[in-house]
Each structure stands twice: as C-alpha cells, then as structure tokens.
Amino acid sequence: MRLALRAAQDAYQAGEVPVGAVVYQGERLLGRAHNQRELLRDPTAHAEMLAISQAAAALGSWRLTDCVLYVTLEPCVMCAGAMILGRLRRVVYGAADPKAGACGSLLDVLACRGLNHRVAVTPGVLAAECGEILRVFFQERREAGARRPPDENF
C-alpha cells in the first residue's frame, strides 16, 4: 500500500485526484499507476484500470488469477467490474468511498452472487493516510475555487 500511496502522490503533483494503485503477483510488481483522467482526457483512466492493464501486459494474459490489487481509494463500479473480468484474487484498499465505492460502501459489486468470479476484499489498510491526501487535495481545490477545466471541443 505504501507504493500505491507514492503513486497517489504522483497524481497529486500532476493535479489529478490523488489515487494510486499497484498490482502484485506474489512479490512481483506487475503494474503501478495513478489517476490520469485529466492528462489523458479519458474517463476510464483510473489508477486501478491503468495498473490492471499494465499487469495484463506484463503477464501476456488477461487472467490475473494470482494477483492482488492495492489501491488507496475504494474502487468504483467500473474498476470493480474490471477486477472481476480480470479474475483478480484480491483487492486491498485504503480509504472507503461512501459516494462511489463499489466494494462495500455504496455498493458491493464484488459480492454479487450472479457473477462468475469473486474477488476477496481487504478494506481499510492505511485508511487514514490514504484519506488524508484526498482530503487535502479537495480542500485545496475548494479554497482555490477550482473548477473543471473547460472542454476545448465545446
């Protein structure tokens, strides 16, 4: 989780929502990423999605059955779906997300009995540290009166 927190710091420095994620297979690091939605102008460029894609590329397979994803913020529905589709063994997350969390806070996608794969969940690892970077980021944004950057296409 410490490496995921360092990735979240990278996001913070880049002006992105500070979420970081890493994927391990045993002791082997397969993916490390942070949110890049603003940079890539891509709503799917969440830290989890990018780290999962890197892990699949490193393994040469979409099946990540022996892999664990560590992420600083509870994954959303999209990211939880990617974990199921990638057959990840476990997700370990830091801060809960009561507004969009899909691993037990708002929804519990990973426990849905109708799906063909279950991902084990370990919540709350370094939760205070993971939550603090988000709290500071959004407080600074509110104080600066930051708004979304204008979309140049419209």
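Reader: Which residues form one aromatic cluster?

Author: Tyr 12, Phe 137 and Phe 138 form that cluster. This is a predicted model, in which local features need pLDDT of at least 70 and side-chain atom pairs count only at pLDDT 80 or more, while totals for chains, interfaces and linings use all residues. Residues are numbered from 1 along each chain as its sequence is written, and side-chain values use heavy atoms, with hydrogens and water left out.

The structure holds three aromatic pairs. Rings of Phe, Tyr and Trp (its six-membered ring) pair if their centres lie within 6.5 Å; planes under 30 degrees apart count as stacked, over 60 as edge-to-face and the rest as tilted. One of the pairs joins Tyr 12 to Phe 137, edge-to-face, at 6.0 Å centre to centre and with 65 degrees between the planes. Tyr 12 belongs to helix α1 (residues 2-13) and Phe 137 to helix α5 (residues 127-144), so this pair ties together parts 125 residues apart in sequence. Helices (H or I, at least four residues) and strands (E, at least two) are DSSP runs, numbered from the N terminus.

Phe 137 also pairs with Phe 138: the ring centres are 5.1 Å apart and the planes stand at 80 degrees, so this pair is edge-to-face. Phe 137 has 5% relative accessibility and counts as buried, whereas Phe 138, at 37%, is partly exposed. Here buried means under 20% relative accessible area, exposed over 50%, and partly exposed in between (1.4 Å probe, protein chains only).

Now the whole protein. There are five helices and five strands, and from the N terminus on the elements run α-β-β-α-α-β-α-β-β-α. The radius of gyration, taken over C-alpha atoms, is 15 Å. That is close to the 15 Å from the globule rule (2.2 Å times the number of residues to the power 0.38) for 154 residues, so the protein is as compact as a globular protein of that length. Along the principal axes, the C-alpha atoms fill a box of roughly 45 × 30 × 30 Å. Of the 154 residues, 41% count as buried. Among contacts (heavy atoms within 4.5 Å) with a separation of 6 or more, 57% come from residues 24 or more positions apart.
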